[in-house]
Amino acid sequence: MSRILIVEDHQTLLRSIRRGLEALGHEILATETGEEGYDWALQRDVELVVLDVMLPGKSGIEILKELRRAGFGRPILILSAKVSHEAGQTGLASGANAFLAKPFAFSEFHSVIQRLLQQAASESRTGVQS
Amino acid sequence: MIRRVNIRWRLTLWFAAAMTVLLVGRSFWIYFMMERRLATIADVELNAKFDALNDVLEQAGSPEELQGALARFADNQRDLQIEIVSSDRRVLFRTPEPAPATTLRPSRAQMSNASRRYETRISGEGDQFRRMTCDISSSSGTMTVGISRSMQAEQTEVWDFAMTLLTTLPLGVLAAFGVGYVVSSRALTPVDKMIFTANDITANRLDQRIDVPDTGDELARLAQTLNRMIDRLNKSFEEMRRFTADAAHDLRTPVTALRTEVEVSLMADKTVEDYRNSMQTVLDEAVHLSRLTEQLLDLSREDHDMNPVAHEVVRLDTILHSVLEDLRSVAQQKKININTDQIRPWCVTGDPVRLRRVFMNLLSNAIQYCPAGGLVWIEGSSLPDQTTVVIADNGPGVPADDLPYIFDRFRRVDQARNRQSGGTGLGLAICKAIVESHGGTIWMESTFGQGTRVSVSLPSSQAAG
């Protein structure tokens, strides 16, 4: 079970993802604004952040950059509904670990999250061993 | 044929042709002026000779003496042919070589003395002679004295000159051609540069601009005009790009939500209540998506002028009352007061169905954003050319920063609340497109926290009043 933060301004999608991930045993923190997401990521010991690119106010990319600048080292998955994959490229270049383009299947979404969590876990184990 | 030739060569050809006409004309003019001048000089000389001959004629006493004096005179003036004829056509004196009489040409240089006539004669061999004739009265009757001299030397001189002109003419034409080409090339160099830059500008490189020459001339103005056109293209491309991105976002996100909702619901058995909630979510998203697609289609139709504006006389008051009737239950639920006292029989020209959509959007916005117990009112004015209708409310208003973009597509002032209320962010953009396709204008005034006024101005119908 992992604590996952989801920042997504579309309420229905946020609710569905939350329900799905909770049913799979994760603990979910969910918010619609980037500013709150930034604070929670740094304060609430989340293991993974799911960040939508197009958010009202500060964009997901800005929040991503700020989190990395603030030293947040946990995996970040960004979601984008833009036509071009530029947003994904920018996200990856700005420090995201993975990028998923909408519309996606929940199974796909979940497998990306699991992969990221496993990677983070194995990295921290290697880090502890070495 | 000449239309296929580029401007540089056309200018060169026109310049060379004009210069050729000028050169040929000038050559002819110089030729005739020279010929005329030489004839005049010859006439002055003939005049002087005639005066001398006249002296001889006057001084001689007897006819024998006269013949002798004339022979001596003619002997001294070998370049002259002298002929004296009596009034009865008898030849009184004639030098051995008579003046040619084959061809006569009218005099080109008449001198002021009317009794002296001048003419140029051409012999059978083509040699020119200048001849002066004058009638003199004497005791023995009237005589006609004619003296001629050869114009051979002058003719040769004029001919040589004409030959020089003729041989230098092609050189002049060639020079005109060269100068024309160089000048037109220099003049068109900025155009070539513009073409090069313009060719380089594509949809993805609309940030480039054409260099404006610092001359203030037509080419500078052309460059400025092209740059302004590229600005407009760039702006509309940017708008299109943003619109596509926004549309993609607004379509893909609800589709993802729909899919996730269904997938999550199918992951494990749920209670009937859970399924009911899921179905409601799916329905809400489906309704939102269908409204969004409908509005995207409407905008696309407006953008591509697929709805030609009908020129019917439309009673806006009828439309407003009908829209308010449809919105009555929503307004009553929210306890919104709607004041319709100011509505007058306003007549405009246009499409009643599309104008109804405009006022439906504006009035539902006003009711939606007004807090419970709020007030919405309609006012307006009608002038001979323009009728303006204002939909006003005392709702929360729009922040000043958002006001300039309020009619932009997918621009939502309060996105969260808008989504809750089912807004797509296209309603005002559609209103703007419809009003503008009617030749009207739409604008919003708002004070944040105090209320909003949306004004729609449309061309009045002639039937108004």
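Which residue with a positive phi follows helix 1 of chain A? The model is a predicted one.

1. **The sheet of chain A.** Chain A has an open sheet of 5 strands, in the order 2-1-3-4-5. The pairing is parallel. Strand 2 (27–31) and strand 5 (98–101) of chain A stand at the edges. Each has a single partner strand, so one side of each is left without a neighbour in the sheet. On average, and with direction ignored, neighbouring strands are turned by 20 degrees against each other.

2. **Strands 3 and 4 of chain A.** Strand 3 (residues 48–52) and strand 4 (residues 76–80) of chain A run parallel and are joined by 4 bridges. Val50(A) has Leu77(A), in strand 4 of chain A, as its bridge partner. For anyone checking side chains here, a general point applies: in a regular strand they alternate between the two faces of the sheet.

3. **Helix 1 of chain A.** This helix covers residues 11–23 and lies across strand 1 (3–7) and strand 2 of chain A. Its direction is at about 170 degrees to strand 2 of chain A. Buried residues in helix 1 of chain A include Leu13(A), Leu14(A), Ile17(A) and Leu21(A). Thr12(A), Ser16(A), Arg19(A) and Gly20(A) are also buried in this helix. Gly25(A) follows the helix, and its phi is positive, near 100 degrees. That settles the opening question.

4. **Helix 2 of chain A.** Helix 2 (residues 34–43) of chain A packs on the sheet and touches strand 1, strand 2 and strand 3 of chain A. Its direction makes about 160 degrees with that of strand 1 of chain A.

5. The largest nonpolar core has 36 residues. Val49(A), Val50(A) and Leu51(A) have the most contacts inside it. Elements of both chains each supply at least two residues: from chain A, strand 1, helix 1, helix 2, strand 3, helix 3 (60–69), strand 4 and helix 5 (106–129); from chain B, helix 4. Leaving out residues up to four places away in sequence, Val50(A) touches Ile4(A), Ile6(A), Val7(A), Leu77(A) and Leu79(A). Another core, of 35 residues, lies apart from the largest one. Among its members are Val389(B), Leu428(B), Ala429(B) and Leu458(B).

6. **The interface.** On the chain B side, 21 residues are in contact with 22 residues of chain A. Helix 4 (218–267), helix 5 (272–303) and helix 8 (415–420) of chain B each give two or more residues to that side. Helix 4 of chain B has the largest share, 15 residues. By type, the chain B side divides into 8 nonpolar, 7 polar and 6 charged residues.

7. **A hairpin in chain B.** Strand 1 (residues 80–86) and strand 2 (residues 91–94) of chain B pair in the antiparallel sense, over 3 bridges. Ile84(B) stands opposite Phe93(B) of strand 2 of chain B. The hairpin has 4 residues between the strands. Arg89(B), in that loop, has a phi near 70 degrees, a positive value in a residue other than glycine. Arg89(B) counts as exposed because it has 7 other C-beta atoms within 10 Å, and the cut-off for exposed is 12 or fewer.

8. **Backbone points to check.** Lys335(B) is not a glycine either, yet its phi is positive, about 55 degrees. Lys335(B) sits in the loop between helix 6 (316–334) and strand 8 (337–339) of chain B. With 11 C-beta neighbours inside 10 Å, Lys335(B) is exposed. In chain A, a cis peptide bond joins Lys102(A) and Pro103(A), with omega about -5 degrees. Pro103(A) belongs to the loop between strand 5 and helix 5 of chain A.

9. **Pro213(B).** Is Pro213(B) buried, exposed or partly exposed? It is partly exposed, with 15 other C-beta atoms within 10 Å. Pro213(B) is in the loop between helix 3 (152–200) and helix 4 of chain B. Pro190(B) is 23 residues from Pro213(B) in sequence, and the two are 7.5 Å apart in space, C-alpha to C-alpha. Not counting residues up to four places away in sequence, Pro213(B) touches Pro190(B), Leu219(B), Ala220(B) and Ala223(B).

Note on methods: Residues are numbered from 1 along each chain as its sequence is written. Chains are lettered from A and ligands numbered from 1 in the order in which they are written. This is a predicted model: local features need pLDDT of at least 70, side-chain atom pairs count only at pLDDT 80 or more; totals for chains, interfaces and linings use all residues. Two residues are in contact if their C-beta atoms, placed from the backbone, lie within 7 Å. Ala, Val, Leu, Ile, Met, Phe, Trp, Tyr, Cys and Pro count as nonpolar, Asp, Glu, Lys and Arg as charged, and the others, Gly among them, as polar. Two strands pair if DSSP finds at least two bridges between them. Axes are lines fitted to C-alpha atoms, for helices over the stretch in contact, and angles run from 0 to 180 degrees between N-to-C directions. A nonpolar core is a set of buried Ala, Val, Leu, Ile, Met, Phe, Trp, Tyr and Cys residues joined through C-beta atoms within 7 Å. A residue is buried if 20 or more other C-beta atoms lie within 10 Å of its own, exposed if 12 or fewer, and partly exposed in between; C-beta atoms are placed from the backbone.
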